[in-house]
Amino acid sequence: MQYISTRGGMQPLPYCDALLEGLATDGGLTVPEVMPTVDGETLERWRALTYPQLATEVLGLFATDIPREDLARMTEAAYAPFPDSVVPLREIDGGLTLVGLSEGPTLAFKDMAMQFLGQVVEYALERKGSVLNVLGATSGDTGSAAEHALRGKERISVFMLSPQGRMSAFQRAQMFSIDDENVHNIAVAGVFDDCQNLVKQLAGDLDFKRTQHLGAVNSINLARITAQVVYYFWAWLRATDAGGWTELSITVPSGNFGNILSGFYAKQMGLPIRRLVLAANENNVLDEFFRTGVYRPRSAEQTLATSSPSMDISKASNLERFIFELVDRDPARVVGAWRDLDEQGFVDFTADLARFEDEFGIVSGTSTHADRLATIKGVYEASDDIIDPHTADGVKVAREYVESGVPMLVLETAKPEKFAETIREAIGVDLDYSPELRTMLEAPQHVTELPDDEAALRAFIEQHALR
Ligand SMILES: *Cc1c(COP(=O)(O)O)cnc(C)c1O
(Lines give C-alpha, C1' and ligand atoms only; values in the text may rest on other atoms or scores of the structure.)
Protein backbone atom coordinates (compact mmCIF):
# COMPACT_ATOMS: atom_id res chain seq x y z
CA MET A 1 0.00 0.00 0.00
CA GLN A 2 1.36 3.39 -1.01
CA TYR A 3 0.29 6.86 0.15
CA ILE A 4 -0.38 9.76 -2.17
CA SER A 5 -1.19 13.43 -1.63
CA THR A 6 -4.72 14.86 -1.85
CA ARG A 7 -3.16 17.54 -4.09
CA GLY A 8 -1.48 15.09 -6.46
CA GLY A 9 2.07 16.46 -6.24
CA MET A 10 3.93 13.83 -4.20
CA GLN A 11 5.68 10.62 -5.23
CA PRO A 12 3.82 7.70 -3.59
CA LEU A 13 5.36 6.70 -0.24
CA PRO A 14 5.06 3.58 1.94
CA TYR A 15 3.36 3.87 5.35
CA CYS A 16 6.53 4.23 7.44
CA ASP A 17 7.74 7.17 5.34
CA ALA A 18 4.31 8.82 5.05
CA LEU A 19 3.78 8.85 8.80
CA LEU A 20 6.99 10.80 9.39
CA GLU A 21 6.00 13.41 6.79
CA GLY A 22 3.21 15.38 8.47
CA LEU A 23 1.93 17.38 5.51
CA ALA A 24 2.65 15.95 2.07
CA THR A 25 5.48 17.72 0.23
CA ASP A 26 2.94 19.64 -1.91
CA GLY A 27 1.04 20.92 1.14
CA GLY A 28 -1.74 18.31 0.83
CA LEU A 29 -2.58 15.43 3.17
CA THR A 30 -1.43 11.84 2.70
CA VAL A 31 -4.14 9.29 1.83
CA PRO A 32 -4.08 5.59 0.87
CA GLU A 33 -3.65 5.13 -2.88
CA VAL A 34 -6.54 2.65 -2.75
CA MET A 35 -8.81 2.18 0.24
CA PRO A 36 -8.36 -1.37 1.60
CA THR A 37 -11.56 -3.43 1.91
CA VAL A 38 -12.80 -6.02 4.39
CA ASP A 39 -15.48 -8.60 3.49
CA GLY A 40 -18.16 -10.05 5.78
CA GLU A 41 -16.36 -13.33 6.27
CA THR A 42 -13.17 -11.62 7.46
CA LEU A 43 -15.20 -9.41 9.76
CA GLU A 44 -16.79 -12.47 11.40
CA ARG A 45 -13.37 -14.06 11.80
CA TRP A 46 -12.19 -10.91 13.64
CA ARG A 47 -14.89 -11.33 16.31
CA ALA A 48 -12.69 -13.59 18.42
CA LEU A 49 -9.70 -11.23 18.48
CA THR A 50 -8.43 -9.16 21.41
CA TYR A 51 -8.02 -5.41 20.88
CA PRO A 52 -4.27 -5.63 20.10
CA GLN A 53 -4.91 -8.52 17.70
CA LEU A 54 -7.68 -6.64 15.92
CA ALA A 55 -5.43 -3.59 15.71
CA THR A 56 -2.75 -5.73 14.06
CA GLU A 57 -5.24 -6.93 11.43
CA VAL A 58 -6.70 -3.50 10.65
CA LEU A 59 -3.38 -1.64 10.73
CA GLY A 60 -1.80 -4.43 8.69
CA LEU A 61 -4.04 -3.39 5.77
CA PHE A 62 -2.52 0.10 5.87
CA ALA A 63 1.06 -0.62 6.98
CA THR A 64 1.95 -3.27 4.42
CA ASP A 65 5.63 -2.30 4.68
CA ILE A 66 5.80 -3.51 8.31
CA PRO A 67 6.24 -7.27 8.86
CA ARG A 68 3.26 -8.78 10.70
CA GLU A 69 5.25 -9.87 13.77
CA ASP A 70 6.67 -6.36 14.23
CA LEU A 71 3.19 -4.87 14.00
CA ALA A 72 1.85 -7.39 16.52
CA ARG A 73 4.63 -6.51 18.95
CA MET A 74 3.82 -2.79 18.63
CA THR A 75 0.04 -3.12 19.07
CA GLU A 76 0.64 -5.34 22.11
CA ALA A 77 3.04 -2.77 23.60
CA ALA A 78 0.56 0.04 22.87
CA TYR A 79 -2.63 -1.57 24.15
CA ALA A 80 -1.74 -4.29 26.65
CA PRO A 81 -0.96 -1.78 29.47
CA PHE A 82 -4.52 -0.36 29.47
CA PRO A 83 -5.93 -1.03 32.93
CA ASP A 84 -9.26 -2.63 32.05
CA SER A 85 -10.73 -3.36 28.70
CA VAL A 86 -9.13 -1.10 26.09
CA VAL A 87 -12.45 0.05 24.62
CA PRO A 88 -15.40 -0.88 26.88
CA LEU A 89 -19.03 -0.43 25.77
CA ARG A 90 -21.93 0.43 28.11
CA GLU A 91 -25.57 1.32 27.69
CA ILE A 92 -27.33 4.45 28.86
CA ASP A 93 -30.97 5.51 28.70
CA GLY A 94 -32.77 5.94 25.41
CA GLY A 95 -31.15 2.84 23.91
CA LEU A 96 -27.79 4.56 23.34
CA THR A 97 -24.50 2.73 23.81
CA LEU A 98 -21.35 4.59 24.84
CA VAL A 99 -18.04 3.44 23.41
CA GLY A 100 -15.35 4.24 26.00
CA LEU A 101 -12.24 5.64 24.34
CA SER A 102 -10.83 7.33 27.44
CA GLU A 103 -9.10 4.53 29.34
CA GLY A 104 -5.60 5.85 28.59
CA PRO A 105 -3.22 7.90 30.75
CA THR A 106 -4.72 11.36 30.06
CA LEU A 107 -8.38 10.27 30.15
CA ALA A 108 -9.22 11.33 26.59
CA PHE A 109 -9.52 9.50 23.28
CA LYS A 110 -6.32 10.90 21.77
CA ASP A 111 -4.29 8.59 24.01
CA MET A 112 -5.49 5.51 22.19
CA ALA A 113 -4.05 6.37 18.80
CA MET A 114 -1.05 8.19 20.30
CA GLN A 115 0.04 5.03 22.12
CA PHE A 116 0.37 3.26 18.78
CA LEU A 117 1.93 6.33 17.19
CA GLY A 118 4.68 6.31 19.85
CA GLN A 119 5.53 2.73 18.93
CA VAL A 120 5.40 3.05 15.17
CA VAL A 121 7.23 6.37 14.91
CA GLU A 122 10.13 5.01 16.96
CA TYR A 123 10.12 1.91 14.73
CA ALA A 124 10.16 3.98 11.52
CA LEU A 125 12.99 6.16 12.90
CA GLU A 126 15.01 3.11 13.84
CA ARG A 127 14.66 1.72 10.32
CA LYS A 128 15.89 5.03 8.91
CA GLY A 129 18.59 5.48 11.54
CA SER A 130 17.09 8.89 12.33
CA VAL A 131 15.68 10.89 15.24
CA LEU A 132 12.68 13.20 15.67
CA ASN A 133 12.25 16.28 17.84
CA VAL A 134 8.52 16.86 18.15
CA LEU A 135 7.66 20.54 18.43
CA GLY A 136 4.08 21.39 19.33
CA ALA A 137 1.78 23.89 21.00
CA THR A 138 -1.07 22.88 23.24
CA SER A 139 -3.85 24.51 25.18
CA GLY A 140 -3.81 21.41 27.39
CA ASP A 141 -5.15 18.15 26.02
CA THR A 142 -3.31 17.14 22.87
CA GLY A 143 0.08 17.98 24.35
CA SER A 144 -0.38 15.77 27.36
CA ALA A 145 -1.52 12.81 25.24
CA ALA A 146 1.58 13.23 23.05
CA GLU A 147 3.93 13.48 26.04
CA HIS A 148 2.49 10.42 27.75
CA ALA A 149 2.76 8.41 24.53
CA LEU A 150 6.33 9.53 23.71
CA ARG A 151 7.92 9.68 27.18
CA GLY A 152 11.02 7.53 27.50
CA LYS A 153 11.40 6.89 23.76
CA GLU A 154 15.01 6.84 22.63
CA ARG A 155 14.80 8.41 19.21
CA ILE A 156 12.15 10.99 19.99
CA SER A 157 12.09 14.07 22.17
CA VAL A 158 9.17 16.43 22.77
CA PHE A 159 9.17 20.22 23.03
CA MET A 160 5.67 21.22 24.06
CA LEU A 161 4.74 24.88 24.37
CA SER A 162 1.80 25.89 26.55
CA PRO A 163 0.44 29.28 27.59
CA GLN A 164 1.83 30.11 31.03
CA GLY A 165 -0.85 30.24 33.73
CA ARG A 166 -3.69 29.43 31.34
CA MET A 167 -4.15 25.72 31.78
CA SER A 168 -6.23 24.05 34.48
CA ALA A 169 -4.45 22.59 37.51
CA PHE A 170 -5.32 19.16 36.17
CA GLN A 171 -3.86 19.85 32.73
CA ARG A 172 -0.68 21.31 34.24
CA ALA A 173 -0.23 18.27 36.45
CA GLN A 174 -0.81 15.88 33.55
CA MET A 175 2.00 17.45 31.57
CA PHE A 176 4.42 18.82 34.13
CA SER A 177 4.50 15.72 36.37
CA ILE A 178 6.33 13.86 33.60
CA ASP A 179 9.99 13.60 34.56
CA ASP A 180 11.42 11.75 31.55
CA GLU A 181 14.48 13.43 30.08
CA ASN A 182 13.09 13.43 26.55
CA VAL A 183 10.06 15.55 27.48
CA HIS A 184 10.51 19.34 27.61
CA ASN A 185 7.57 21.35 28.90
CA ILE A 186 7.90 24.99 27.96
CA ALA A 187 5.53 27.54 29.49
CA VAL A 188 5.46 30.61 27.24
CA ALA A 189 4.57 34.03 28.62
CA GLY A 190 1.58 34.47 26.29
CA VAL A 191 -1.66 32.88 25.09
CA PHE A 192 -2.17 29.73 23.03
CA ASP A 193 -2.01 31.63 19.72
CA ASP A 194 1.42 32.99 20.71
CA CYS A 195 2.61 29.42 21.31
CA GLN A 196 1.24 28.31 17.98
CA ASN A 197 2.88 31.23 16.19
CA LEU A 198 6.26 30.34 17.68
CA VAL A 199 5.86 26.79 16.41
CA LYS A 200 4.89 28.07 12.95
CA GLN A 201 7.88 30.40 12.82
CA LEU A 202 10.39 27.67 13.67
CA ALA A 203 8.73 24.96 11.55
CA GLY A 204 8.59 27.47 8.67
CA ASP A 205 12.38 27.92 8.80
CA LEU A 206 13.09 24.87 6.64
CA ASP A 207 16.81 24.94 7.30
CA PHE A 208 16.33 24.98 11.08
CA LYS A 209 13.62 22.34 10.78
CA ARG A 210 15.96 20.02 8.88
CA THR A 211 19.08 20.51 11.00
CA GLN A 212 17.12 20.09 14.24
CA HIS A 213 15.00 17.16 12.92
CA LEU A 214 11.80 18.94 13.89
CA GLY A 215 8.41 17.35 13.30
CA ALA A 216 4.87 17.21 14.64
CA VAL A 217 2.38 14.57 15.74
CA ASN A 218 -0.83 16.56 15.23
CA SER A 219 -4.27 15.39 14.22
CA ILE A 220 -3.40 15.00 10.52
CA ASN A 221 -0.80 12.35 11.34
CA LEU A 222 -1.41 9.18 9.35
CA ALA A 223 -0.54 6.86 12.24
CA ARG A 224 -3.25 8.51 14.35
CA ILE A 225 -5.88 8.37 11.61
CA THR A 226 -5.24 4.69 10.89
CA ALA A 227 -5.02 3.66 14.57
CA GLN A 228 -8.41 5.34 15.14
CA VAL A 229 -9.99 3.17 12.41
CA VAL A 230 -9.61 0.24 14.81
CA TYR A 231 -12.12 1.79 17.32
CA TYR A 232 -14.89 1.53 14.76
CA PHE A 233 -14.24 -2.12 13.91
CA TRP A 234 -13.99 -2.98 17.61
CA ALA A 235 -17.19 -1.11 18.52
CA TRP A 236 -19.12 -2.68 15.64
CA LEU A 237 -17.94 -6.19 16.55
CA ARG A 238 -18.83 -5.74 20.23
CA ALA A 239 -22.18 -4.05 19.65
CA THR A 240 -23.30 -6.69 17.18
CA ASP A 241 -22.17 -9.62 19.39
CA ALA A 242 -25.31 -9.64 21.43
CA GLY A 243 -28.05 -8.31 19.20
CA GLY A 244 -27.25 -9.85 15.84
CA TRP A 245 -27.54 -6.40 14.25
CA THR A 246 -25.80 -5.87 10.98
CA GLU A 247 -26.05 -2.13 10.57
CA LEU A 248 -25.64 0.52 13.21
CA SER A 249 -25.02 4.26 13.46
CA ILE A 250 -22.20 6.00 15.33
CA THR A 251 -22.08 9.54 16.70
CA VAL A 252 -18.71 11.28 17.04
CA PRO A 253 -18.01 14.47 19.07
CA SER A 254 -15.87 16.29 16.52
CA GLY A 255 -13.33 19.08 16.24
CA ASN A 256 -10.59 18.67 13.66
CA PHE A 257 -12.51 15.96 11.80
CA GLY A 258 -9.86 13.39 12.78
CA ASN A 259 -11.82 10.78 14.71
CA ILE A 260 -14.86 10.83 12.43
CA LEU A 261 -12.63 10.68 9.34
CA SER A 262 -11.34 7.36 10.68
CA GLY A 263 -14.98 6.22 11.01
CA PHE A 264 -15.56 7.32 7.42
CA TYR A 265 -12.54 5.25 6.34
CA ALA A 266 -13.94 2.22 8.24
CA LYS A 267 -17.24 2.65 6.39
CA GLN A 268 -15.43 2.99 3.04
CA MET A 269 -13.57 -0.23 3.88
CA GLY A 270 -16.91 -2.05 4.08
CA LEU A 271 -17.80 -1.91 7.79
CA PRO A 272 -21.64 -1.80 7.92
CA ILE A 273 -22.09 1.66 9.44
CA ARG A 274 -25.44 3.19 8.46
CA ARG A 275 -24.83 6.76 9.53
CA LEU A 276 -21.93 8.67 10.98
CA VAL A 277 -23.34 11.52 13.03
CA LEU A 278 -21.01 14.48 13.49
CA ALA A 279 -21.62 16.36 16.75
CA ALA A 280 -20.28 19.91 16.99
CA ASN A 281 -20.38 22.45 19.81
CA GLU A 282 -21.02 26.17 19.32
CA ASN A 283 -17.99 26.30 16.99
CA ASN A 284 -20.08 24.49 14.41
CA VAL A 285 -18.23 25.16 11.17
CA LEU A 286 -18.54 21.45 10.30
CA ASP A 287 -22.24 21.19 11.13
CA GLU A 288 -22.72 24.15 8.80
CA PHE A 289 -20.75 22.35 6.08
CA PHE A 290 -22.69 19.09 6.33
CA ARG A 291 -26.05 20.88 6.45
CA THR A 292 -25.50 23.44 3.69
CA GLY A 293 -22.59 22.20 1.56
CA VAL A 294 -20.67 25.42 2.23
CA TYR A 295 -17.41 25.27 4.16
CA ARG A 296 -16.52 28.59 5.72
CA PRO A 297 -13.63 28.48 8.23
CA ARG A 298 -13.74 31.10 10.97
CA SER A 299 -11.19 33.50 12.40
CA ALA A 300 -9.65 33.12 15.85
CA GLU A 301 -11.91 35.96 17.09
CA GLN A 302 -15.01 34.13 15.84
CA THR A 303 -13.99 30.98 17.72
CA LEU A 304 -15.60 30.70 21.15
CA ALA A 305 -14.08 29.20 24.29
CA THR A 306 -16.70 26.63 25.32
CA SER A 307 -17.18 24.00 28.04
CA SER A 308 -16.23 21.29 25.52
CA PRO A 309 -12.86 22.92 24.76
CA SER A 310 -11.31 20.08 22.72
CA MET A 311 -13.91 20.76 20.03
CA ASP A 312 -13.23 24.53 19.84
CA ILE A 313 -11.95 24.77 16.28
CA SER A 314 -11.98 27.47 13.64
CA LYS A 315 -11.15 25.17 10.73
CA ALA A 316 -10.98 21.37 10.49
CA SER A 317 -7.51 20.21 9.48
CA ASN A 318 -8.57 16.75 8.26
CA LEU A 319 -11.51 17.85 6.13
CA GLU A 320 -9.31 17.83 3.02
CA ARG A 321 -9.21 14.02 3.21
CA PHE A 322 -13.02 13.89 3.04
CA ILE A 323 -13.13 16.47 0.26
CA PHE A 324 -10.68 14.31 -1.73
CA GLU A 325 -13.27 11.49 -1.72
CA LEU A 326 -16.11 13.93 -2.37
CA VAL A 327 -14.45 15.13 -5.60
CA ASP A 328 -13.87 11.50 -6.64
CA ARG A 329 -10.15 11.68 -5.81
CA ASP A 330 -9.43 14.40 -8.36
CA PRO A 331 -6.47 16.43 -6.97
CA ALA A 332 -7.15 19.31 -9.38
CA ARG A 333 -10.57 19.83 -7.78
CA VAL A 334 -9.04 19.79 -4.28
CA VAL A 335 -6.57 22.49 -5.32
CA GLY A 336 -9.42 24.41 -6.96
CA ALA A 337 -11.50 24.25 -3.78
CA TRP A 338 -8.69 25.79 -1.70
CA ARG A 339 -8.18 28.46 -4.37
CA ASP A 340 -11.87 29.37 -4.03
CA LEU A 341 -11.39 29.50 -0.27
CA ASP A 342 -8.45 31.90 -0.62
CA GLU A 343 -10.30 34.12 -3.04
CA GLN A 344 -13.79 34.24 -1.53
CA GLY A 345 -13.45 32.93 2.06
CA PHE A 346 -15.59 29.82 1.52
CA VAL A 347 -15.88 26.67 -0.61
CA ASP A 348 -19.20 25.76 -2.16
CA PHE A 349 -20.14 22.08 -2.49
CA THR A 350 -23.90 22.62 -2.56
CA ALA A 351 -24.08 20.70 -5.86
CA ASP A 352 -22.87 17.60 -3.95
CA LEU A 353 -24.99 18.11 -0.82
CA ALA A 354 -27.30 15.13 -1.41
CA ARG A 355 -24.29 12.80 -1.60
CA PHE A 356 -23.11 13.72 1.93
CA GLU A 357 -25.88 11.63 3.43
CA ASP A 358 -26.93 9.32 0.58
CA GLU A 359 -23.49 8.18 -0.53
CA PHE A 360 -21.25 8.87 2.46
CA GLY A 361 -23.78 8.51 5.29
CA ILE A 362 -22.64 11.62 7.18
CA VAL A 363 -25.16 13.84 9.01
CA SER A 364 -24.54 16.43 11.71
CA GLY A 365 -25.84 18.56 14.54
CA THR A 366 -24.88 21.22 17.08
CA SER A 367 -24.96 21.21 20.88
CA THR A 368 -24.62 24.26 23.17
CA HIS A 369 -23.50 24.82 26.75
CA ALA A 370 -27.12 24.59 27.93
CA ASP A 371 -27.54 21.33 25.98
CA ARG A 372 -24.41 19.89 27.59
CA LEU A 373 -25.62 20.69 31.10
CA ALA A 374 -29.11 19.30 30.41
CA THR A 375 -27.70 16.16 28.79
CA ILE A 376 -25.22 15.46 31.61
CA LYS A 377 -28.07 15.90 34.08
CA GLY A 378 -30.53 13.79 32.09
CA VAL A 379 -28.10 10.89 31.71
CA TYR A 380 -27.17 11.08 35.40
CA GLU A 381 -30.79 10.97 36.52
CA ALA A 382 -31.92 8.26 34.11
CA SER A 383 -28.83 6.04 34.05
CA ASP A 384 -26.79 6.99 37.13
CA ASP A 385 -23.87 7.53 34.77
CA ILE A 386 -21.69 10.65 34.57
CA ILE A 387 -20.52 11.68 31.11
CA ASP A 388 -18.04 14.40 30.16
CA PRO A 389 -19.10 17.57 28.27
CA HIS A 390 -17.75 16.39 24.87
CA THR A 391 -19.58 13.08 25.15
CA ALA A 392 -22.66 15.06 26.18
CA ASP A 393 -22.47 16.98 22.89
CA GLY A 394 -22.44 13.57 21.19
CA VAL A 395 -25.39 12.20 23.17
CA LYS A 396 -27.45 15.34 22.53
CA VAL A 397 -26.96 15.18 18.76
CA ALA A 398 -27.23 11.36 18.63
CA ARG A 399 -30.74 11.55 20.07
CA GLU A 400 -31.82 13.63 17.06
CA TYR A 401 -30.81 10.84 14.69
CA VAL A 402 -32.00 7.66 16.44
CA GLU A 403 -33.95 5.44 14.04
CA SER A 404 -36.07 2.51 15.18
CA GLY A 405 -34.31 -0.81 14.66
CA VAL A 406 -30.88 0.77 14.20
CA PRO A 407 -28.61 0.76 17.27
CA MET A 408 -26.90 4.10 17.97
CA LEU A 409 -23.40 4.20 19.47
CA VAL A 410 -21.83 7.37 20.86
CA LEU A 411 -18.07 7.67 21.21
CA GLU A 412 -17.08 8.73 24.72
CA THR A 413 -14.10 10.96 24.04
CA ALA A 414 -13.11 11.94 27.60
CA LYS A 415 -13.68 11.05 31.24
CA PRO A 416 -15.77 13.47 33.34
CA GLU A 417 -12.98 13.87 35.97
CA LYS A 418 -11.14 16.04 33.46
CA PHE A 419 -13.96 18.58 33.44
CA ALA A 420 -15.00 18.61 37.07
CA GLU A 421 -16.27 22.21 37.03
CA THR A 422 -18.83 21.60 34.29
CA ILE A 423 -19.97 18.40 36.03
CA ARG A 424 -20.48 20.36 39.24
CA GLU A 425 -22.45 22.99 37.33
CA ALA A 426 -24.64 20.33 35.71
CA ILE A 427 -25.42 18.00 38.61
CA GLY A 428 -23.86 19.53 41.73
CA VAL A 429 -21.56 16.56 42.24
CA ASP A 430 -17.87 16.90 43.16
CA LEU A 431 -16.00 14.11 41.42
CA ASP A 432 -13.49 12.08 43.37
CA TYR A 433 -10.09 11.58 41.82
CA SER A 434 -8.66 8.06 41.80
CA PRO A 435 -5.53 7.42 43.93
CA GLU A 436 -3.39 7.44 40.74
CA LEU A 437 -4.77 10.83 39.74
CA ARG A 438 -4.22 12.24 43.20
CA THR A 439 -0.60 11.09 43.12
CA MET A 440 -0.20 12.79 39.77
CA LEU A 441 -1.77 16.04 40.99
CA GLU A 442 0.67 16.17 43.92
CA ALA A 443 3.82 15.11 42.06
CA PRO A 444 6.69 17.59 41.55
CA GLN A 445 6.36 19.54 38.31
CA HIS A 446 8.94 20.01 35.56
CA VAL A 447 8.64 23.04 33.32
CA THR A 448 10.86 25.69 31.76
CA GLU A 449 9.49 29.23 31.52
CA LEU A 450 10.41 31.15 28.39
CA PRO A 451 9.44 34.60 27.10
CA ASP A 452 7.30 34.83 23.94
CA ASP A 453 10.48 35.12 21.90
CA GLU A 454 11.62 33.12 18.88
CA ALA A 455 15.35 33.48 19.58
CA ALA A 456 14.97 32.14 23.12
CA LEU A 457 13.05 29.11 21.87
CA ARG A 458 15.59 28.49 19.12
CA ALA A 459 18.44 28.50 21.63
CA PHE A 460 16.57 26.13 23.95
CA ILE A 461 15.90 23.65 21.15
CA GLU A 462 19.47 23.82 19.83
CA GLN A 463 20.70 22.99 23.30
CA HIS A 464 18.32 20.10 24.02
CA ALA A 465 17.36 18.52 20.67
CA LEU A 466 18.34 14.95 19.83
CA ARG A 467 20.56 14.53 16.82
C1 LIG B 1 -9.72 15.97 20.28
C2 LIG B 1 -11.02 15.74 20.95
C3 LIG B 1 -12.23 15.76 20.23
C4 LIG B 1 -12.29 16.10 18.74
O5 LIG B 1 -11.72 15.10 17.93
P6 LIG B 1 -11.27 15.42 16.42
O7 LIG B 1 -10.52 14.21 16.00
O8 LIG B 1 -10.40 16.64 16.49
O9 LIG B 1 -12.50 15.65 15.63
C10 LIG B 1 -13.41 15.50 20.91
N11 LIG B 1 -13.41 15.27 22.25
C12 LIG B 1 -12.26 15.25 22.97
C13 LIG B 1 -12.35 15.03 24.44
C14 LIG B 1 -11.03 15.48 22.36
O15 LIG B 1 -9.91 15.46 23.09
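Predicted model: local features only at pLDDT ≥ 70, side-chain atom pairs only at ≥ 80, totals over all residues.
**Strand pairing and the ligand site**

Student: OK, and in which sense do β1 and β2 pair, parallel or antiparallel?

Tutor: Strand β1, residues 2-5, pairs with strand β2, residues 13-14, in the antiparallel sense over two bridges; strands here are DSSP runs of E with at least two residues, and pairing requires at least two DSSP bridges.

Student: What about β1 and β3, how many bridges there?

Tutor: Strand β1 and strand β3, which covers residues 30-32, pair over three bridges, again in the antiparallel sense, and Ile4 has Val31 as its bridge partner in β3.

Student: Switching to the six-strand sheet, what's the strand order?

Tutor: The sheet is open, with mixed pairing, and its six strands run in the order β4-β5-β15-β10-β11-β14. At the edges are β4 (89-91) and β14 (362-366), each of which pairs on one side only.

Student: And how do β5 and β15 pair, parallel or antiparallel?

Tutor: Strand β5, residues 96-100, and strand β15, residues 408-412, pair in the parallel sense over five bridges, with Leu96 having Met408 as its bridge partner in β15. Helix α17, residues 389-399 (helices are H or I runs of at least four residues), packs on this sheet and touches β5, β10 (248-253), β11 (273-280), β14 and β15, where contact means heavy atoms within 4.5 Å. The direction of α17 makes about 165° with that of β15, as given by lines fitted to C-alpha atoms, with angles from 0 to 180 degrees between N-to-C directions and the helix fitted over the stretch in contact.

Student: Now the ligand: which residues come nearest?

Tutor: Of the 14 residues around the ligand (a heavy atom within 4 Å), Lys110, Gly255, Asn256, Asn259 and Thr413 come nearest.

Student: Which part of Gly255 lies 2.7 Å from a ligand oxygen, and what about Asn256?

Tutor: For Gly255 a backbone N or O atom lies 2.7 Å from an oxygen atom of the ligand, and for Asn256 a backbone N or O atom likewise lies 2.7 Å from an oxygen atom of the ligand.

How values were computed: Residues numbered from 1 in each chain as written. Heavy atoms only, no water. Polar contact = N/O pair within 3.5 Å; in protein donor to acceptor, adjacent residues only side chain to side chain.
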